[in-house]
Amino acid sequence: LTLTLTLTLNRTLNRTLTLTLILRFHGAALPALTAVVQAASLNPGLGDLCYAALEAATTLLEKALLSAQALGGGDAAAVRDQAGALVGAVLQSGAGNLDLSDGEARVRTRGSVARLADVLGPAFAAHAPPFLPTLLTDLAQHPAVDQATLERLETRGYDEEVDEDLLIIEEAGGRTLVLQDSVLRDISRVLFCLVSVGASCPPALRPYARDVLARVFTLLSANSNAGAAPNPGAFEGADAAANANPHPDVRYCALKLLPLLPPCVEDGSVLARQSLRFLASFLAAVNDLVDATIETLDAVRRLLAAAGASLGDAELEAVCRGQCFVFKQCLRRKALNAAALRAGGEDQDTAVALNAEEDQLLEVLGGSIWASLAVGAARGGGVLEQLRVAFGRGLGLGDASAFPEEKQRMAAFLEG
């Protein structure tokens with residue numbers, strides 16, 4: 001017992017000493033790095049040094065905050081003060097390599113600024129005004145190539161060396177889209193910055209939330225995914241969003257951002273309801289992309305909590321239809337996987353992996369359905385029981401002859 005206590009005490013002391021040394025090192029290094037950022041920002045030839053020093057200082061601040069929190073949080077305020085000084089120096093400079101009117105400067109700095117927003121939390125609102133308009137500027141980029149590029153492709157064809165950045169998407173009806181992959185990835189990085197700001201400092205996004213929401217809807221409705229064909233399998237009541245096929249990175253970041261927008265405004269339930277109306281039909285577009293469906297259902301779950309009892313009958317019914325549709329599509333794919341397993345051969349391992357993905361989807365779907373039921377309970381007036389009946393019918397729970405295990409899992413969510 002004595003030996004065990006001694007070893008435990010030594011480990012605790014060593015950890016505390018290590019964290020304390022980390023904090024002291026960061027405290028000594030940060031002023032020097034901040035000075036490098038400021039000095040290098042004024043020399044056009046030292047751009048790489050400026051951005052590297054900024055990234056290094058940001059990493060040190062992140063580690064310093066984690067160390068301070070692990071030691072009880074007493075030094076966290078000092079770390080945030082240092083983060084505020086650094087981000088203030090970057091965003092208020094407006095000169096040289098930190099001139100945010102320059103596109104390259106925005107690209108090279110915004111990742112660090114977004115990470116500093118995470119460190120600062122609500123205090124980032126004081127530094128946001130110069131930064132967020134630049135994100136909206138870059139969020140409005142259009143990935144389509146210019147007319148000259150289209151004409152060159154038509155006359156000379158595709159050149160692997162020159163055109164490696166291009167995504168060529170053949171749409172139904174013979175139309176061809178030519179998009180710039182680099183622009184789409186840059187848009188996804190802008191969205192990720194907005195996710196960081198929205199999660200750490202919702203008030204900073206208040207003036208921009210509605211414009212961002214409209215742009216996110218446009219991005220999610222676009223056909224910009226060269227890796228998958230648009231899904232024609234819409235369900236009754238789905239609108240134009242069911243033809244969406246967004247770039248995977250854009251889709252992932254946009255769906256992370258949507259639930260963060262309602263808390264940014266006073267009447268967030270309005271934005272939540274608009275988002276849910278959109279996502280209810282968006283589920284039809286992604287129904288054969290399991291990862292995309294999981295991302296969408298997670299966004300739906302969080303938005304249902306934001307909308308609460310304000311959600312109308314039509315909106316709640318649309319969400320319910322979308323969730324039931326996802327379940328039916330999941331069972332259809334499970335049937336195909338089961339057939340592949342029975343047939344044996346090379347596809348067996350793939351079928352096992354796909355079944356594991358479908359099981360994960362069912363778990364996320366159950367959480368999303370539970371969130372719908374929570375809205376029904378909040379509304380009262382028998383809405384909860386009506387929803388349970390609608391889900392039981394829409395999920396096909398009355399027929400236990402096929403997929404009894406999966407249906408039992410859904411029934412457990414309904415009963416819970």
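Trainee: Where is the place of Phe403?

Mentor: In this predicted model, Phe403 lies in the loop between α14, which covers 383-394, and α15, which covers 404-415.

Trainee: And what is phi of Phe403 near?

Mentor: Its phi is near 50°, a positive value in a residue other than glycine. As background, most residues other than glycine have a negative phi.

Trainee: Why does Phe403 count as partly exposed?

Mentor: The relative accessibility of Phe403 is 26%, so it counts as partly exposed, given that this class falls between the 20% limit for buried and the 50% limit for exposed.

Trainee: Switching to helices, at what angle do α3 and α4 pack?

Mentor: Helix α3, residues 76-91, packs with helix α4, residues 103-120, at an angle of about 150°, and their axes are 9 Å apart. The two helices are therefore roughly antiparallel to each other, since angles over 145 degrees are placed in that class.

Trainee: Is the crossing left-handed or right-handed?

Mentor: The crossing in which α3 passes α4 is left-handed.

Trainee: Which residues meet there?

Mentor: From α3, the residues Arg80, Ala83, Gly84, Leu86, Val87, Val90 and Leu91 meet Val113, Leu116, Val119 and Leu120 of α4. Sorted by class, this contact has 9 nonpolar, 1 polar and 1 charged residues.

Trainee: Which residues of α3 are buried?

Mentor: Buried residues in α3 include Ala76, Val79, Ala83, Gly84, Leu86 and Val87, and also Gly88, Val90 and Leu91.

Trainee: How many residues has α3, and how far does it reach?

Mentor: Helix α3 has 16 residues and reaches 22 Å from its first C-alpha to its last, which is close to the 22 Å expected at 1.5 Å a residue.

Notes
Residues numbered from 1 in each chain as written. Predicted model: local features only at pLDDT ≥ 70, side-chain atom pairs only at ≥ 80, totals over all residues. Heavy atoms only, no water. Axes fitted to C-alpha atoms, helices over the stretch in contact; angles between N-to-C directions. Helix = DSSP H or I, 4+ residues; strand = E, 2+ residues; numbered from the N terminus. Parallel < 35°, antiparallel > 145°, perpendicular 65-115°, else oblique. Left-handed = near helix turned anticlockwise from the far one by under 90°. Contact = heavy atoms within 4.5 Å. Nonpolar A, V, L, I, M, F, W, Y, C, P; charged D, E, K, R; others polar. Expected span 1.5 Å × (residues − 1). Buried < 20%, exposed > 50% of the residue type's maximum accessible area, 1.4 Å probe, protein only.
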